[in-house]
Amino acid sequence: MASTFKSFGYGEIQTPTFETLELFTAKSGDSIIDEIYAFSDKGNRELALRPELTAPVIRFYVEKMQMEPKPLKLFYFGNCFRYDRPQKGRYREFWQAGCEIVGTNTPEAYAELVAMAYTILKNVGLKNIQLNIGNLNIINSTFTKLGLSKDGQKKLLPLIDKSQFDDVFSLLSDLGITNDSTKEFIDILQTSDINKIKKFIQEDASAMDELSNLEKILDLLKSSFNVKDFQIKMSIVRGLDYYKGLVFEIDAPVLGAEKQLCGGGAYELVTLFGGRETPTAGFAVGFDRTILALEIEKFAFPSLKTDVYIIPVSEEMIGKSIEIAQNLRKEGILTDLDLLRRGIGKSLKYANSKNAEKVIIIGPKELENDSVTLRDMKAGDQEVVKIADIVSKLKNN
Ligand code: AMP
């Protein structure tokens with residue numbers, strides 16, 4: 001994941017595990033307190049373990065990085081804490097790999113962001129992922145067209161978020177919206193046909209602009225980034241009110257209920273934290289869920305590997321064994337050494353369990369000739385080699 005971020009010009013940032021509680025309440029409101037680990041420290045400061053890293057990164061940006069050349073591309077890998085009910089794919093401590101881009105809102109910046117999220121998950125080896133792209137400004141425009149009050153919207157958002165369209169229908173009926181308008185609205189939430197959406201919002205000039213930007217983003221994704229298998233999904237609301245405009249999610253359907261691997265989009269936090277207005281966007285990938293999805297897809301995780309395991313046959317050989325081990329390590333050869341003084345038989349078994357490719361047995365007779373025994377664990381054969389030739393022997397194999 002880190003190398004994909006770097007390949008797109010992102011640099012790594014690390015922020016503290018805890019922040020002031022206010023940072024998160026400013027972003028998400030007081031109701032967030034129930035969902036996070038909040039506590040007061042010995043100096044009675046109200047603190048919280050970070051539930052995500054966007055707010056910490058933007059705080060850091062506002063405090064220390066506003067003068068940096070734009071766009072600023074930052075990625076992170078960090079543990080997050082949420083006071084959730086633990087279940088499969090939902091933990092109280094989990095890891096997120098994510099990024100923020102500060103200072104640009106061009107369609108190419110957004111297309112690159114979405115393409116990078118998709119590429120990260122493809123590059124780690126996932127076969128089956130689903131990319132969905134939406135836009136909150138367009139959804140807001142549909143709310144305005146329906147004449148929905150802020151209160152009505154608040155009730156509606158969680159239902160849309162969970163795709164509970166029957167409940168959306170009942171709620172809108174209760175709110176006095178006509179059946180025809182409701183049906184059309186629900187159709188917009190489920191359609192992947194941009195023209196249908198266009199027709200619905202055509203009187204709203206700013207929503208039409210947003211839609212034309214979305215079309216540019218989708219076009220770049222398809223024709224330039226070669227990311228073709230995505231869906232337009234206007235029902236992405238992400239449950240957060242700081243998102244503005246573009247939103248996207250990537251799911252791993254094999255995960256069932258907790259299938260969302262990645263979420264992101266454009267948002268506004270800089271001015272809220274006291275900084276000068278500038279566009280921001282980002283996403284976070286759930287690392288634990290990515291591993292779970294890879295396991296279900298039967299991904300062959302690389303096993304721990306040892307290039308060489310060194311066995312001193314007696315106590316007197318330990319010093320020389322360590323010296324040889326250190327030389328091999330300097331050459332970048334992954335080297336381990338018996339630290340239990342157990343016999344050759346048991347040491348060979350252990351070397352086998354650590355997937356050692358070669359074993360070097362260091363005994364007094366060979367050492368007299370500046371030599372050691374080099375054993376190939378797969379072939380099971382062994383030869384006596386000069387100490388000076390070990391590195392070239394290992395590297396040429
Ligand atoms: P969010 O910050 O809520 O948009 O979450 C971003 C990603 O982090 C989600 O798509 C999940 O993959 C992952 N995630 C969120 N909450 C949890 C959790 N409690 N346990 C494991 N992964 C999580």
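How many Å apart do the C-alpha centres of domain 1 and domain 2 lie? They lie 52 Å apart.

## Model and domains

This is a predicted model, in which local features need pLDDT of at least 70 and side-chain atom pairs count only at pLDDT 80 or more, while totals for chains, interfaces and linings use all residues. Residues are numbered from 1 along each chain as its sequence is written, and side-chain values use heavy atoms, with hydrogens and water left out.

The domain assignment gives domain 1 as 2-296 and domain 2 as 306-396. Such bounds come from an automatic or database domain assignment.

Strands of a sheet pair through backbone hydrogen bonds, either parallel or antiparallel. Here an open sheet has 3 strands in the order β2-β4-β3, and the pairing is antiparallel. β2 (18-20) and β3 (38-40) stand at the edges with a single partner strand each, so one side of each has no neighbour in the sheet. From one strand to the next, the twist averages 35 degrees. Strands (E, at least two residues) and helices (H or I, at least four residues) are DSSP runs, numbered from the N terminus. Two strands pair if DSSP finds at least two bridges between them.

β2 and β4 (residues 46-49) run antiparallel and are joined by 3 bridges. E19 stands opposite A48 in β4. Helix α2 (residues 21-28) packs on the sheet and touches β2, β3 and β4. Its direction makes about 70 degrees with that of β2. Contact means heavy atoms within 4.5 Å. Axes are lines fitted to C-alpha atoms, for helices over the stretch in contact, and angles run from 0 to 180 degrees between N-to-C directions.

## α2 meets α3

The axes of α2 and helix α3 (residues 54-65) come within 10 Å and cross at roughly 105 degrees. The two helices are therefore roughly perpendicular to each other. Angles of 65 to 115 degrees count as roughly perpendicular, under 35 as roughly parallel, over 145 as roughly antiparallel and the rest as oblique.

L23, F24 and K27 of α2 meet A55, P56 and R59 of α3. This contact has 4 nonpolar, no polar and 2 charged residues. Ala, Val, Leu, Ile, Met, Phe, Trp, Tyr, Cys and Pro count as nonpolar; Asp, Glu, Lys and Arg as charged; the others, Gly among them, as polar.

## α9 meets α10

Helix α9 (residues 194-201) and helix α10 (residues 205-223) have axes that come within 10 Å and cross at roughly 165 degrees. α9 and α10 are therefore roughly antiparallel. I194, I197, K198 and I201 of α9 make the contact with A207, M208, L211, E215 and L218 of α10. By class, this contact has 7 nonpolar, no polar and 2 charged residues.
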